[in-house]
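Dear colleague,

Here is the structure I said I would hand over. My notes on it follow.

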Amino acid sequence: MEDLKAAGNDAVHNGNYLAALDFYKQAIDAVEENKVDDLAALHSNCSFAHLKLGQSQEALVEADLVVALKTNWSKGYFRRGEAYFALKDYYNAERAYAKASELSPDDTSIKKKLTLTQEAMTGFYFRQLLPGRDFCKNASDFIEQQIFSSAVQMQNYIYLVGDAKTREAVVVDAAWDVKGIKAYAAGENINLVGAVVTHYHFDHTGGVPPPPFDAFGIKVPGIRELAVEDKLPVYVNKNDAKTLLTANEVPSDAIVELEDSAVITVGTIKLQFIHTPGHTPGSQCMYIQRSPQDMLLSGDTLFIGSCGRLDLPDCDTKAMYTSLQKKLAVLPDSTRVYPGHNYGGPYTSIGDEKKTGFLRPISEKEWLKRNRL
């Protein structure tokens with residue numbers, strides 16, 4: 001029996017879950033009926049293998065056998081929770097994870113799954129990722145080490161936004177470590193269905209960095225990988241779309257050009273886009289109406305106490321004035337603003353920026369005078 005179990009574990013390690021199932025089932029047939037611990041462990045392994053094969057109902061059957069064999073073992077309830085979660089039966093998944101957590105109160109992985117399940121029941125999924133904390137970790141070679149180090153210095157925020165029930169989300173401004181971002185999403189059972197670009201700059205899209213850094217011949221991973229390898233649509237304002245074609249080499253059939261006020265839907269979650277030129281011609285913010293507090297992903301248009309740079313190619317100081325004063329300042333004061341960089345904190349609000357930031361009332365003449373370059 002032990003040899004069969006070991007063979008099954010080796011097959012799992014190699015990603016051959018069908019073979020693993022065969023070995024585990026042979027081991028079950030070889031175990032004496034009174035060997036409850038062995039049987040429970042093998043049925044638990046079968047449940048895991050079925051889940052990896054996308055056979056959620058079969059995984060649930062095996063998990064139920066584990067619970068029946070060992071009613072006070074947290075692993076059985078955890079496996080049951082995993083199967084229910086995959087079936088999108090979040091009510092029963094929560095009950096199973098809660099029981100597993102009750103039996104193993106110090107197990108953080110169970111607590112995380114319980115939290116994810118409770119979130120799924122609300123329907124809204126949102127994550128703010130930061131390099132060095134959530135991705136850009138454990139570089140595999142010298143080049144990746146340099147990229148990760150630069151990402152940590154740049155402090156780009158990357159966002160996952162979508163439907164917690166359907167487990168679908170878009171990734172906003174994916175760059176630096178595409179593998180790490182996808183691994184984070186996979187770890188939360190999230191299926192990426194699109195990539196949103198707030199503006200074309202390389203630290204938000206990947207590609208070749210600007211001079212003098214382009215001399216090193218390093219390309220930053222980004223939306224091209226998502227478009228080519230994962231076949232994701234790339235949502236970008238029409239005024240920045242050409243740059244994605246030329247500088248980022250994103251295939252034209254992957255690019256979805258957005259107009260001002262465009263709306264896309266992820267599951268039941270509506271994402272509205274506000275064209276906010278100034279930092280680039282196609283800069284856009286993503287607006288999400290949520291009770292009790294709306295959300296704005298502002299890219300590099302609005303930061304805490306400041307706005308995006310206006311001294312770069314394609315910048316337009318006058319257009320930035322209109323974007324800030326005529327488009328963002330009119331949003332509800334309670335709207336929480338999530339910027340494109342960690343410049344002073346993870347978020348602010350429209351109301352706070354109208355009091356102390358770059359949404360304070362100002363005439364266009366005074367704005368242009370203050371920002372004369």
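In these notes a residue is called buried under 20% relative accessible area, exposed over 50%, and partly exposed in between, with a 1.4 Å probe and protein chains only. This is a predicted model, in which local features need pLDDT of at least 70 and side-chain atom pairs count only at pLDDT 80 or more, while totals for chains, interfaces and linings use all residues. Residues are numbered from 1 along each chain as its sequence is written, and side-chain values use heavy atoms, with hydrogens and water left out. Helices (H or I, at least four residues) and strands (E, at least two) are DSSP runs, numbered from the N terminus.

Glu366

By that rule Glu366 is partly exposed, because its relative accessibility is 28%. Glu366 sits in helix α15. A salt bridge (a side-chain nitrogen of Lys or Arg within 4 Å of a carboxyl oxygen of Asp or Glu) links Glu366 to Arg370, with 3.0 Å between the closest N and O atoms. The two are four residues apart in helix α15 (residues 364-370), so about one helical turn separates Glu366 from Arg370. Arg370 is exposed, at 59% relative accessibility.

Other salt bridges

The structure holds 18 salt bridges. One of them joins the side chains of Lys70 and Asp37, at 3.3 Å from N to O. Lys70 belongs to the loop between α4 (56-69) and α5 (74-86), and Asp37 to helix α3 (residues 36-52), so this pair ties together parts that are 33 residues apart in sequence. Lys70 has a relative accessibility of 23% and counts as partly exposed. Another salt bridge is between the side chains of Arg133 and Asp134, at 2.7 Å from N to O. In that pair Asp134 is buried, at 17% relative accessibility, whereas Arg133 is partly exposed, at 44%.

The sheet

Two strands are taken to pair if DSSP finds at least two bridges between them. An open sheet has six strands in the order β1-β2-β3-β4-β5-β6, and its pairing is mixed. Its edge strands, β1 (124-129) and β6 (255-258), each pair on one side only. From one strand to the next the twist averages 25 degrees; for such angles, axes are lines fitted to C-alpha atoms, for helices over the stretch in contact, and the angles run from 0 to 180 degrees between N-to-C directions. Within the sheet, β4 (residues 191-196) and β5 (residues 234-237) pair in the parallel sense over two bridges. Ala195 has Val234 as its bridge partner in β5. Helix α9 (residues 178-187) packs on the sheet and touches β1, β2 (158-163), β3 (168-172) and β4, where contact means heavy atoms within 4.5 Å. The direction of α9 makes about 35 degrees with that of β2.

Cysteines

With a disulfide taken as a pair of cysteine sulfur atoms within 2.5 Å, the count comes to zero. For Cys285, the closest cysteine sulfur is that of Cys307, and the 11 Å between them is too far for a bond. Cys285 is buried, at 1% relative accessibility. Cys46 is also buried, at 0%.

Two buried polar residues

Glu62 is found in helix α4 and is buried, at 8% relative accessibility. Its side chain makes a polar contact with the side chain of His43 at 2.6 Å. A polar contact here is a pair of N or O atoms within 3.5 Å; within protein, one must be able to donate a hydrogen and the other to accept it, and residues adjacent in sequence count only if both atoms are side-chain atoms. Leaving aside residues up to four places away in sequence, Glu62 touches Lys25, His43, Cys46, Ser47 and His50.

Ser323 lies in helix α13 (residues 317-328) and is buried, with a relative accessible area of 2%. The side chain of Ser323 reaches the backbone oxygen of Pro277 at 2.7 Å. Not counting residues up to four places away in sequence, Ser323 touches Thr276, Pro277 and Leu328.

Regards
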